[in-house]
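Reader: Please take a close look at one part of this model and describe it in a single connected account.

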Amino acid sequence: MPNNQDKRSRNDNPNWPNEAERNGREATSNNQENEFYEELGRKGGEARNNFNEYEQEQNKENVQNNKKRNEDDFNSINS
């Protein structure tokens, strides 16, 4: 019967995910050059910019739809 003591103690440790995350960051840092992080930051910035543009477009559409709905409500009440 295999000994699962290591797995049990690791899973019972509330800090285990944080330790695993830290170890993963350290391993990535040791294995990657600065260009990796520069590209990662650039892609994140592009994604955020694209989302902001999408969100602005959605807001414009919502304002137009709300204005139309308000006009329709006003006209139905006053007719």
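Reader: In which helix is L40 found, and which residues does that helix span?

Author: L40 is found in helix α3, which spans residues 34-77. The model is predicted, so local features need pLDDT of at least 70 and side-chain atom pairs count only at pLDDT 80 or more, while totals for chains, interfaces and linings use all residues. Residues are numbered from 1 along each chain as its sequence is written, and side-chain values use heavy atoms, with hydrogens and water left out.

The protein has 3 helices and 0 strands, in the order α-α-α from the N terminus. Helices (H or I, at least four residues) and strands (E, at least two) are DSSP runs numbered from the N terminus.

On the surface, L40 forms a nonpolar patch with F36 and Y37, and together they have about 270 Å² of accessible area. Areas come from the Shrake-Rupley method with a 1.4 Å probe, and for residues only the protein chains shown count as cover. A patch takes residues with over 30% relative accessible area and no salt bridge, joining like charges within 9 Å and nonpolar side chains (Val, Leu, Ile, Met, Phe, Trp, Tyr) within 5 Å. A salt bridge is a side-chain nitrogen of Lys or Arg within 4 Å of a carboxyl oxygen of Asp or Glu.

F36 is partly exposed at 31% relative accessible area, and Y37 is partly exposed at 37%. Buried means under 20%, exposed over 50%, and partly exposed in between (1.4 Å probe, protein chains only). Of the 79 residues in the protein, 0% are buried.

The whole structure holds 1 aromatic pair. The ring centres of F36 and Y37 lie 5.0 Å apart with planes at 85°, so the pair is edge-to-face. Rings of Phe, Tyr and Trp (its six-membered ring) pair if their centres lie within 6.5 Å; planes under 30 degrees apart count as stacked, over 60 as edge-to-face and the rest as tilted.
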